[in-house]
Amino acid sequence: MGLLATLQSNFQHVLLYESPELQLKTRQHIPHEMLTAAAQQELNKAKTADQDCTLGIEDFLVLRLLQWFKQDFFSWVDCLPCSGCGGQTQNAGSLSPSTDDVRWGGQRVENHFCATCDLSTRFPRYNHPEKLLETRRGRCGEWANCFTLCCRALGLDARYVWDSTDHVWTEVYSEAQQRWLHCDSCENVCDKPLLYEVGWGKKLAYIMAFSKEQVVDVTWRYSRQHAEVLSRRTSVREAWLVHAINGLNTNKTGFVFMPNEDEKRNHLVHVRYSATKDQYCRVSRSSEVTRGWDQCIWKKDAVFRKVETDWQMVYLAREEASAAGRISWKFDFSPAGMKVQSVSIMASCKSFHSGRVCWHVDAGKTHAEFFGNGVMYPILALNGCSEFTITAELSGGEGEMSWQHAQLFRQSLSEDVVSFEIIVQLQDA
């Protein structure tokens with residue numbers, strides 16, 4: 001995965017931590033009252049010992065949370081014990097992910113093989129933090145992923161930190177100290193940013209922090225050897241990196257579909273969305289699943305997902321107080337050095353009374369419209385373009401329920417059908 005795709009993917013991923021429902025579920029796993037009480041006691045002791053103590057309760061809460069997470073909640077996995085005899089196994093490559101594995105971001109499944117039993121034990125590398133609350137095991141990726149969620153669930157201002165030399169951790173903002181604290185849940189350490197370069201001897205290059213607000217290049221606070229680090233930052237030009245980060249932060253709600261290595265090799269990007277499951281399936285990326293209708297959109301304006309429990313129907317509609325709603329999806333192939341050979345789009349919508357749904361695609365000065373009637377349409381005007389945006393606009397309707405008279409992706413909760421599908425054949429630019 002290229003650097004831009006990595007930045008984009010992580011920026012989208014951290015939005016999962018902001019789900020109120022997931023934060024509530026996470027707090028049910030954390031003994032937060034006990035941790036908060038212990039943190040308050042330690043703060044009181046610190047202030048008794050030093051009247052000029054400038055630390056706050058969140059500083060001690062982070063320490064207690066790190067300790068609990070490592071000692072009581074999460075476990076490290078090199079190789080799982082054999083599911084047959086309980087003995088040692090060895091990592092013997094990869095196995096195919098199941099549908100449920102893919103649902104939780106486990107596209108990669110390790111084969112932990114027992115030579116004694118001639119038996120394979122599966123170890124899916126889940127990437128969805130909700131699933132990690134259940135499995136409670138993994139390596140640094142799973143640890144930092146789940147720990148960052150735990151921090152956000154307790155109301156701590158936390159961000160996920162990615163290191164290009166194959167490590168990840170968390171940063172938590174200290175209100176009392178007015179700065180970000182390095183927190184590595186795998187090591188149960190706090191505020192030791194030189195751990196990797198000085199302690200582990202890592203040759204650092206790119207270290208990026210991701211929160212719901214922004215992407216930040218934090219490389220320099222983790223190194224004393226800035227000149228050496230800069231000499232290793234050769235993946236992209238520095239000016240390009242600044243531009244890319246600024247672009248992500250300016251359009252922080254915007255997700256862009258970009259091809260990974262498999263999609264570039266196969267010259268294909270194929271995406272489906274199911275309103276019932278409320279998930280995107282990246283068919284061309286080993287059926288990678290992204291949950292949540294708004295997790296893969298470029299822009300939205302006054303649109304929400306409505307579930308009618310009485311009628312057992314689901315759809316997207318505009319917000320009640322809005323005269324119009326708008327939602328768009330963006331595809332960009334220029335960073336991969338590719339352009340469109342052909343595009344086909346299928347979208348379903350439903351309108352009542354005078355409600356209207358208008359679908360169109362735009363690529364620079366190129367503009368085309370199509371119907372949202374569940375039929376796959378080839379969009380010939382996009383051939384040769386390097387990027388395009390698909391937009392649906394909802395308007396019209398009558399009376400107090402006018403917002404409900406223009407609907408996207410309406411379908412029964414008992415159905416499992418594709419509501420929205422885009423197939424892009426690519427060619428080298």
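Is Phe69 buried or exposed, and what is its relative accessible area? In this predicted model, Phe69 is buried, its relative accessible area being 0%.

**View 1. Edge-to-face pairing of Trp68 and Phe69.** The structure holds 29 aromatic pairs. In the one formed by Trp68 and Phe69, the ring centres are 6.3 Å apart and the planes stand at 65°, so the pair is classed as edge-to-face, the cut-off being over 60 degrees. Trp68 has a relative accessibility of 7% and therefore counts as buried, as does Phe69, at 0%.

**View 2. Edge-to-face pairing of Phe74 and Trp143.** The ring centres of Phe74 and Trp143 lie 5.4 Å apart, and their planes are at 75°, so this pair is edge-to-face. Phe74 is located in the loop between α4 (57-73) and β1 (75-76), whereas Trp143 belongs to helix α7 (residues 140-153); the pair therefore ties together parts that are 69 residues apart in sequence. Phe74 and Trp143 are both buried.

**View 3. The aromatic cluster containing Trp68, Phe69, Phe74 and Trp143.** One aromatic cluster is formed by Trp68, Phe69, Phe73, Phe74, Trp76, Trp143 and Phe147. Among its members are the two residues of the edge-to-face pair Trp68 and Phe69 and those of the edge-to-face pair Phe74 and Trp143.

**View 4. Arg159 over the face of Trp180.** Arg159 is placed over the face of the Trp180 ring, at 3.8 Å from the ring centre.

**View 5. Lys330 over the ring of Trp298.** The ring of Trp298 has the charged end of Lys330 over it, 4.4 Å from the ring's centre.

Note on methods: Residues are numbered from 1 along each chain as its sequence is written. This is a predicted model: local features need pLDDT of at least 70, side-chain atom pairs count only at pLDDT 80 or more; totals for chains, interfaces and linings use all residues. Side-chain values use heavy atoms; hydrogens and water are left out. Rings of Phe, Tyr and Trp (its six-membered ring) pair if their centres lie within 6.5 Å; planes under 30 degrees apart count as stacked, over 60 as edge-to-face and the rest as tilted. Buried means under 20% relative accessible area, exposed over 50%, partly exposed in between (1.4 Å probe, protein chains only). Helices (H or I, at least four residues) and strands (E, at least two) are DSSP runs, numbered from the N terminus. A charge sits over a ring if NZ of Lys or CZ of Arg is within 6 Å of the ring centre and within 35 degrees of the ring normal.
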